[in-house]
Amino acid sequence: MGYRLQTVLPGFYNMKPIVYKTIFIACCLLAVLQPESFSQRGRARAEIKKLMQEYNAVGLSVAVVKNDKIVYTHAFGLKNIAQRQALKRNDIFRIASISKSFSATAILQLVEAGKLSLDDDISHLVGFTVRNPAYPDVVITLRMVLSHTSSINDSQGYFKLDVINPATNPGYAACYSNYPPGGGYRYCNLNFNMAGAVIEKISGERFDQYVVNHILKPLRLYGGYCIDSLDTSLFATLYEYDSATQKFTAAADAYNPRREEIRNYMPGYSTPVFSPTGGMKISARDLAVYMQMHMNRGTYRGIQIISEKSAQEMQTAVSEAQKYGLALLTTDTFIPGRQLTGHTGSAYGLYSAMFFSPEDKFGLVLITNGCDAAYTNGDITFLKAAAQVLYKNFIE
């Protein structure tokens, strides 16, 4: 390098022999003990950067949990293309459908408090009739809503509860599928926007504030559903990819603050404004802490968010065919051969994944703000490939 040691470490040669010896031993220990971890990180970075080029990824934020500890976090690529801003580890994303698990967690807290039951009629909870007109005698329960077995669909949209309210939409019947409630599975965002309304009606708190007060704050996490409650300089811009032109377009509506709707807010009905179904904004690192809570059956570092029984309920399949519980599913395809619990998300060009093993105490969080989306067995190929790199280098 051409530098003298004395220049790099002023006064080095004037140190007492015992100090010199201590530093020498420490350096030797570092050289012996660290190469493996350095090579793991270096190898993972190189492999993921190669994948990012292959799938035209804008940015990627990851967190790895092993033995119930976060052992690796890193941010790759760009936070904003136009400004050439590098993505940082504390930057936050709208994580899309992983948000559903926060809504379900809140519902289970209210169940534990004795304020409702998973087998309650959703009609009684939301304050208007929710019945599949083809099966008017079959009660649609809260459990069905949280497990996508309610027979409700998104064909009329899901940004307002008006679409399923018979008093406001004469065509409400189109919101229901042609099988009885509890008799099939159909993924439906409207289910969770209704669940958010239930949280407000039962708790008396606005949905976004309930989640912050009862889930995020106890875990000391930074995030939330309300744009104006967060530092928007931390938001990673989301990009939708056009495979025909091979260009990215910034998603203009991804972080819409919806201030006018909030000013005219009707508690227990305007809830979709905050998108309980997909509107959580959080960093990969903080999402990994939340994941650890679920991995440990409701508790993180002695802080209990839900009971072990409730956590088990969320992770137990209601729909056996889809292996979907209450906003959490199980899969053995994300890391082939390993059964994991968690959820994915996709919206506005963003793709996210949060999967963990309650038995083996490891988990992975990956969030990209834009990539060339291709699917393999229902998983985003880029995230799946990046997850296998992380698993191979830090877990296996």
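**View 1. An open sheet of three strands runs in the order E4-E8-E5.** Its pairing is antiparallel. This is a predicted model: local features need pLDDT of at least 70, side-chain atom pairs count only at pLDDT 80 or more, and totals for chains, interfaces and linings use all residues. Residues are numbered from 1 along each chain as its sequence is written, and side-chain values use heavy atoms, with hydrogens and water left out. Strands (E, at least two residues) and helices (H or I, at least four) are DSSP runs, numbered from the N terminus. Two strands pair if DSSP finds at least two bridges between them. The edges are strand E4 (93–94) and strand E5 (223–224), and each pairs on one side only. Strand E8 (residues 281–282) runs antiparallel to E5, and two bridges join them. Gly-223 stands opposite Ile-282 of E8.

**View 2. Strand E14 (residues 362–368) is largely enclosed by the rest of the structure, because seven of its seven residues are buried.** Buried means under 20% relative accessible area, exposed over 50%, and partly exposed in between (1.4 Å probe, protein chains only). In a regular strand, side chains alternate between the two faces of the sheet. Phe-362, Leu-364, Leu-366 and Thr-368 point one way from E14. Gly-363, Val-365 and Ile-367 point the other way. Both sets are buried.

**View 3. E14 pairs with strand E1 (residues 59–66) and with strand E13 (residues 350–357).** E1 and E14 are antiparallel, with seven bridges. E13 and E14 are also antiparallel, and seven bridges join them. E13 and E14 form a hairpin with four residues between the strands. There, Lys-361 takes a positive phi near 55 degrees.

**View 4. Ser-101 sits in helix H4 (residues 100–112).** Its relative accessibility is 0%, so Ser-101 counts as buried. Contact means heavy atoms within 4.5 Å. With neighbours within four places in sequence left aside, Ser-101 is in contact with Tyr-290, Met-314, Ala-327, Leu-328 and Met-354.

**View 5. Arg-43 lies in helix H3 (residues 35–54).** Arg-43 has a relative accessible area of 40% and is therefore partly exposed. Its C-alpha atom is separated from that of Leu-390 by 9.8 Å. Along the chain, Arg-43 and Leu-390 are 347 residues apart.

**View 6. The whole chain, for orientation, has 12 helices and 16 strands.** Its radius of gyration is 24 Å, close to the 21 Å that the globule rule gives for 396 residues, so the chain is as compact as a globular protein of that length. The radius is taken over C-alpha atoms, and the rule is 2.2 Å times the number of residues to the power 0.38. Along the principal axes, the C-alpha atoms fill a box of roughly 85 × 50 × 45 Å. Of the 396 residues, 53% count as buried. Among contacts between residues at least 6 apart in sequence, 66% join residues at least 24 apart. The accessible surface comes to about 17,900 Å² (Shrake-Rupley method, 1.4 Å probe). Carbon and sulfur atoms account for 51% of that surface.
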